[in-house]
Amino acid sequence: MQRNTCVSSYRIAARAAALAIIGFSLLGFSENAAAGQNPAIQQVTIDNFSFTPATLTVPAGTEVTWINHDDIPHTVVSDDKSTFKSRALDTDEKFSFKFDKPGTYPYFCSIHPKMTARIIVQ
Amino acid sequence: MASTKDEILFDHNHDGIDRRGFLRCMAWAGTGAVCVLNGGVLTSYALGRGGEHGVKIPKGELAFVQISDSHMGFDKPANPDVVATFQAAIDKINALPVAPEFILHTGDVSHLAKPAQFDNVEQLLKSPRTQDVFYVPGEHDLVGDDGQQFRERFAKGTQGAGWYSFDKKGVHFVGLVNVANLKAGGLGSLGTEQLEWLEKDVKHLKSSTPVVVFAHIPLWTVYPDWGWGTEDSAQALGYLKKFGSVTVLNGHIHQTMQKVEGNVTFHTACSTAFPQPKPGAAPSPGPMKVPADQLRAILGVTDVHYKKGEHALAITDSSLV
């Protein structure tokens, strides 16, 4: 009887664990689906005169989208002023750029040049 | 407000300028007091509406007005109607006891350098009794086209990014551009070409010539973390060292600040559009929301008077109410 109970308990525990693992995976998957996470698109938010995250590391081929949440317009301009250069983004406006080549891409806001950040493409 | 007479009480710098008294006086400036510095002696006068308090404010030989940061096109909560506040500024100018000879606009005329925004300002500035307006651009005026439209409209006949000089009644005015070609992580910048031009421009002037320099970003370091300063302004000020009276008028920070250093008086003007926080008082220098009934008390115009032979120009800030 005891042995059966032990075995039964073990089976129950194993099933519970299996269900839990499946459950967590499903949860993770649905969260990803809900956030619309496509690994090929990454986002930078502009808030309080800052780019967040200040350093974003992405694989080559990723499209990065910036969105401005400030009450004042900002731009997204690569330090060399030629690799990428957005128009002025007013509140809630977006700019996207696809990074194909690996490297480090420092950039800033050309209206408020103290705002700096970078994208690292691997 | 009663008028008071301040004698020189503290002369630590031995230059005849009573700085502590000056600062006490300046604290009233935002509410409409006139602080006049005459050869080191401070006198303050209340600036009533239309001068009805009967206090006589010294008339200069030259009177002009500085307005700044109209940000035409801005429509966020900090001020949903920048046209109305700009018009209030014009009304204020029209109500000044002494008609200004011209207006200096120290930049950020528009919010996004859009043609309609520039059109709007030009239209509104047809109404003041003062028709002559001199402009320098702010960084918002260069958005999208590096200032091409701005220069076509407001800076004809100027050099480079829009710098120039002119003379009025013996006072030499210099309009500088410190918002072009800004570099990542940097402050405002004048650049080599403009500095070389400035050196030549003032070289042959007599040191007794009063000089007024106007530019968008402050030419002294107010708060570097927020970009409130100009990297190479020291060089520019070096060329002006010989002059007995230099007045620097700036905008950009949307609040009044004043600093006196030797013969140079630095002054920043209020915006006619929206206020910004004091240095470090907020996480960022964005538009500052205030209760609607307080907005016009924090926006304003600056009235400047020059009297021949006086050491410094008399600068008065008044709010829109």
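Which residue stands opposite His305(B) in strand 13 of chain B? It is Ala63(B) that stands opposite His305(B).

Before the tour continues, some conventions are needed. Residues are numbered from 1 along each chain as its sequence is written, while chains are lettered from A and ligands numbered from 1 in the order in which they are written. The model is predicted: local features need pLDDT of at least 70, side-chain atom pairs count only at pLDDT 80 or more, and totals for chains, interfaces and linings use all residues. Helices (H or I, at least four residues) and strands (E, at least two) are DSSP runs, numbered from the N terminus.

**Strand 13 of chain B**

Select residues 300-306 of chain B. Seven of the seven residues of this strand are buried, so strand 13 is largely enclosed by the rest of the structure. A residue is buried if 20 or more other C-beta atoms lie within 10 Å of its own, exposed if 12 or fewer, and partly exposed in between, with C-beta atoms placed from the backbone. One side of the strand carries Gly300(B), Thr302(B), Val304(B) and Tyr306(B), and the other carries Val301(B), Asp303(B) and His305(B).

Strand 4 (residues 62-67) of chain B pairs with strand 13 of chain B in the antiparallel sense over five bridges. Strand 14 (residues 314-319) of chain B is also antiparallel to strand 13 of chain B, over six bridges; there, Thr316(B) is the bridge partner of Asp303(B).

**Helix 3 of chain B**

Move to residues 115-124 of chain B, where the buried residues are Gln117(B), Phe118(B) and Val121(B). They lie on the same side of helix 3 of chain B because they cover an arc of only 100 degrees around the axis (the arc is that of the directions from the helix axis to the C-beta atoms). These buried residues pack against helix 4 (148-154) of chain B, where contact requires C-beta atoms, placed from the backbone, within 7 Å of each other. On the face turned away from the buried side, select the exposed residues Pro115(B), Ala116(B) and Gln123(B). Asp119(B), also in helix 3 of chain B, is partly exposed, with 13 other C-beta atoms within 10 Å.

**The sheet of chain A**

Now display chain A, which has one helix and eight strands. Four strands form an open sheet of mixed pairing in the order 3-8-7-5. Strand 3 (55-58) and strand 5 (77-78) of chain A stand at the edges with a single partner strand each, so one side of each is left without a neighbour in the sheet. Strand 5 of chain A pairs with strand 7 (residues 103-108) of chain A in the antiparallel sense over two bridges, and Ser78(A) has Tyr107(A) as its bridge partner in strand 7 of chain A.

**Backbone details in chain A**

Most residues other than glycine have a negative phi, and most peptide bonds are trans. Select Thr52(A) and Pro53(A): a cis peptide bond joins them, with omega about 0 degrees. Then select Phe49(A), whose phi is positive, near 60 degrees; Phe49(A) is in the loop between strand 1 (41-47) and strand 2 of chain A. Finally, Lys81(A) also has a phi near 60 degrees, and its place is in the loop between strand 5 and strand 6 (94-99) of chain A.

Definitions and conventions:
Two residues are in contact if their C-beta atoms, placed from the backbone, lie within 7 Å. Two strands pair if DSSP finds at least two bridges between them.
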